[in-house]
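Here is a short tour of a protein model for you to follow alongside the coordinates. Please keep the sequence and the 3D view open as you read.

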Amino acid sequence: MAPHVMANDGLIRTGGRPSTPAALIWLERMTQKLIASWAWYDTYRHTARELSQLTNRELDDIGIARADIPTIALQAANAAQDRQ
């Protein structure tokens, strides 16, 4: 295993090749988490909005109480996140 040496440019070099700085890796992970969170929220919001626009009769026809809309939207958002 090659030794890690801190170069003057702030990069950790392994075997003479530059490595990705830890801050850049952290930033990439945070960006990915932010995108995933936004996708989750968008699915939740879309599902809740679509169900909220139905009449009580339409909701009753599909077996959903209006009070169940947040729970169903939460389940839909979690299921969509699990599929990714």
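The report below goes from the overall fold to the helices and then to single residues.

**Ground rules**

This is a predicted model, in which local features need pLDDT of at least 70 and side-chain atom pairs count only at pLDDT 80 or more, while totals for chains, interfaces and linings use all residues. Residues are numbered from 1 along each chain as its sequence is written, and side-chain values use heavy atoms, with hydrogens and water left out.

**The overall fold**

Three helices and three strands make up the secondary structure of the protein chain. Helices are DSSP runs of H or I with at least four residues, strands are runs of E with at least two, and both are numbered from the N terminus. Along the sequence, their order is β-β-β-α-α-α.

How much of the protein chain counts as buried? The share is 12% of its 84 residues. Here, buried means under 20% relative accessible area, exposed means over 50%, and partly exposed lies in between (1.4 Å probe, protein chains only). The accessible surface of the protein chain is about 6800 Å², and carbon and sulfur atoms hold 58% of that. These areas come from the Shrake-Rupley method with a 1.4 Å probe, and for residues only the protein chains shown count as cover.

Contacts (heavy atoms within 4.5 Å) tell us about the chain as well. Among those with a separation of 6 or more in the protein chain, 31% join residues 24 or more positions apart.

**Helix α1**

Helix α1 covers residues 22-52. The expected span is 1.5 Å times one less than the number of residues.

L27 has its place in this helix and is partly exposed, because its relative accessibility is 45%. Together with L24, W26 and M30, L27 makes a nonpolar surface patch of about 410 Å². Patches are made of residues with over 30% relative accessible area and no salt bridge; like charges are joined within 9 Å, and nonpolar side chains (Val, Leu, Ile, Met, Phe, Trp, Tyr) within 5 Å.

Where is the salt bridge of this model? One is found in the whole structure, and it joins the side chains of D42 and R45 at 2.5 Å, N to O. The term stands for a side-chain nitrogen of Lys or Arg within 4 Å of a carboxyl oxygen of Asp or Glu. D42 and R45 are three residues apart in helix α1, so about one helical turn separates them. D42 is partly exposed at 31% relative accessibility, and R45 is partly exposed at 32%.

The buried residues of α1 are T47, A48 and L51. Their cover includes α2 and α3.

**Helix α3 and its buried side**

Helix α3 (residues 69-83) has 15 residues, which should span 21 Å at 1.5 Å a residue; its end C-alpha atoms are 21 Å apart, in agreement. In α3, I69, A73, A77 and A80 are buried. They cover an arc of only 70 degrees around the axis, which puts them on the same side of α3. The arc is taken from the directions from the helix axis to the C-beta atoms. Q75 and D82 are exposed residues on the face turned away from that buried side. What covers the buried residues of α3 includes α1 and α2 (56-61).

T47 has a relative accessible area of 18% and, leaving aside neighbours within four places in sequence, is in contact with A73 and A76. A48, at 15%, is in contact with I69 and A73 on the same terms.

| Pair | Sequence separation | C-alpha distance |
|---|---|---|
| A48 and A76 | 28 residues | 9.5 Å |
| T71 and A48 | 23 residues | 9.1 Å |
| Q84 and A36 | 48 residues | 9.2 Å |

T71 lies in helix α3 and is partly exposed, with a relative accessible area of 44%. Q84 belongs to the segment after α3 and counts as exposed at 69% relative accessibility.
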